[in-house]
Amino acid sequence: MQASDAPAPDPQRRVPSTLGNAALGLTQIILWGGSFFLTAVIVGPVVESTGWPQGLVIGSLSLAILISGLLSPWIGTQIRRFGGRPVLVAGTLVMALGLVLMAMAGNLAVFLAAWAVMGLGMAGALYDPLFAAIGQAYGASARSAMTQIAIASGFAITLCWPASTFLVAHIGWCGTCLAYAALAAFVVAPIFALALPAGRAAVPTRVALPKPGVKAPRLPGEGILAMTFTTAAILMAAVAVELLLLLQSHGIPTASAVALSALIGPSQVGARVLELAFGQRAHPIHLLLISAGSVALGLILLVLAPSLAWLAILLYGAGNGMRTVVRGTLPLALYGQAEYAAVIGRLARPPLLGQAATPLACGYAMEWFGIDVLAGILVAVAVLNLGLSLAVARQVARQGR
């Protein structure tokens with residue numbers, strides 16, 4: 001099927017509905033719960049029941065993220081050519097297949113292969129391809145939709161960890177994988193099929209659609225933008241892995257550390273609600289600066305003033321929550337609707353590769369240097385991220401975009 005044969009979406013359907021955005025947010029809760037957030041819950045039961053090395057069981061997620069990152073540019077190209085609906089439905093079904101293979105894994109090789117299949121599906125079904133599909137389909141009108149989707153999915157970690165723990169306790173880790181596979185196949189895939197428009201972008205007639213095989217142009221400073229997104233993604237992955245240990249290293253009891261960590265979800269959602277209510281007219285570059293500054297300030301407070309850990313986590317969560325929205329809206333503002341899907345796929349690769357390496361790097365850094373040195377490294381990365389964000393802002397100002 002050539003791109004020129006793909007039917008355009010209904011031109012009257014300018015923006016997705018609020019109900020549709022809420023449903024799309026639900027897809028991300030389920031898919032993240034069955035991929036990124038599943039590992040932390042099933043590692044113990046998997047190792048206990050199989051005897052497989054814990055490092056390799058944890059590293060299986062890194063394998064999936066690595067594959068997802070390598071495939072992201074190609075996925076973006078497919079969305080640009082054919083539209084988001086077929087890509088996201090296919091990605092979801094591949095994730096379901098990976099979860100089924102995981103549940104049936106009789107040895108470590110099959111378990112790792114299952115996560116490799118998961119990586120294929122994750123490349124086509126998580127935030128980046130969803131935002132690419134939304135941005136391409138709705139252009140400038142996509143910004144509020146992206147924010148609403150991010151709001152609906154903001155409590156993913158808060159909901160999925162307890163739900164997955166409950167499922168593992170009652171039906172085992174294999175049954176939990178099958179439960180998520182069923183949700184992906186019978187809930188998520190139909191939502192994508194119904195909530196996303198058919199065909200490729202409904203681009204205004206004055207904008208020429210790119211021909212198949214023609215790469216989206218690169219703007220000056222795209223490398224810095226990619227580095228900005230990458231350092232932010234590394235921080236997110238590192239905090240997800242090390243936050244509890246960092247809080248405990250400051251003498252905070254485990255129960256209190258868990259309760260403090262739970263503040264990330266509400267603060268993420270709160271920031272996204274504020275952006276939807278008051279930030280829609282602001283250029284996304286301003287939100288990028290606010291996000292980077294909030295994350296940096298939060299991590300600095302966490303290291304230097306652990307008594308203010310609650311405030312530090314609220315600041316970090318708010319900045320991280322806004323980052324998810326900026327990752328979708330800033331490339332749209334810079335590149336426009338016609339090139340958006342290909343560009344978002346290209347920009348997704350470096351952050352995903354960084355995320356894939358982060359758990360392993362953090363583990364070795366903590367083993368060799370200790371948690372305090374690791375915390376200092378994270379602060380340095382956060383300051384670097386803020387500096388890169390300022391550089392992107394200067395580039396945007398020069399281009400007048």
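## Ground rules

Since we're looking at a prediction, local features need pLDDT of at least 70 and side-chain atom pairs count only at pLDDT 80 or more, while totals for chains, interfaces and linings use all residues. Residues are numbered from 1 along each chain as its sequence is written, and side-chain values use heavy atoms, with hydrogens and water left out.

## The overall picture

The chain has 15 helices and zero strands. Both kinds of element are DSSP runs numbered from the N terminus: helices are H or I with at least four residues, strands are E with at least two. Of the 401 residues in the chain, 55% are buried. Buried here means under 20% relative accessible area, with exposed being over 50% and partly exposed in between, using a 1.4 Å probe and protein chains only.

A contact means heavy atoms within 4.5 Å.

## Two nonpolar cores

What counts as a nonpolar core is a set of buried Ala, Val, Leu, Ile, Met, Phe, Trp, Tyr and Cys residues joined through side-chain atoms within 4.5 Å. The largest one has 71 residues, and Leu24, Met102, Phe111, Ile134 and Phe192 have the most contacts inside it. Helix H8 (residues 156-195) supplies the largest share of this core, 13 residues.

Skipping residues up to four places away in sequence, Ile134 touches Leu24, Gly139, Ala142, Ala145, Met146, Ile149 and Leu196. There's also a second, separate core of 30 residues, and Ile252, Ala309, Val379 and Ala382 are among its members. As background, nonpolar side chains tend to be buried together in soluble globular proteins.

## H2 against H3

The axes of H2 (residues 38-50) and H3 (residues 54-82) come within 10 Å and cross at roughly 150°. That makes H2 roughly antiparallel to H3. For reference, axes are lines fitted to C-alpha atoms, for helices over the stretch in contact, and angles run from 0 to 180 degrees between N-to-C directions; under 35 degrees is roughly parallel, over 145 roughly antiparallel, 65 to 115 roughly perpendicular, and the rest oblique. H2 passes H3 in a right-handed crossing, a label used if the near helix is turned clockwise from the far one by less than a right angle, with anticlockwise giving left-handed.

On the H2 side, Thr39, Val43, Val46 and Val47 meet Gln54, Val57, Ile58 and Leu61 of H3. By class, this contact of H2 with H3 has six nonpolar, two polar and no charged residues. The classes work like this: Ala, Val, Leu, Ile, Met, Phe, Trp, Tyr, Cys and Pro are nonpolar, Asp, Glu, Lys and Arg are charged, and the others, Gly among them, are polar. Thr39 itself counts as buried at 6% relative accessibility. Beyond four places in sequence, Thr39 touches Val57, Ile58, Leu61 and Trp115.

H9 passes H12 in a left-handed crossing. Thr228, Leu235, Val239, Leu243, Leu246 and Leu247 in H9 meet Leu288, Val295, Leu299 and Leu302 in H12. That contact of H9 with H12 divides into nine nonpolar, one polar and no charged residues.

For H14 (residues 340-369) and H15 (residues 371-399), the axes come within 7 Å and cross at roughly 130°. That makes H14 oblique to H15. Here Cys362, Ala365, Met366 and Phe369 in H14 meet Ile371, Val373 and Leu374 in H15, a contact with seven nonpolar, no polar and no charged residues.

Cys362 is buried, with a relative accessible area of 5%. Neighbours within four places aside, Cys362 is in contact with Ala238, Glu242 and Leu374. Cys362 and Val241 are 8.2 Å apart, C-alpha to C-alpha, despite being 121 residues apart in sequence.

Ser72 sits in H3 and counts as buried at 5% relative accessibility. Leaving out residues up to four places away, Ser72 touches Gly345, Ala348, Arg349 and Leu352. Gln148, in H7 (residues 142-152), counts as buried at 19% relative accessibility. With the same exclusion of residues up to four places away, Gln148 touches Thr18, Asn21 and Leu276.
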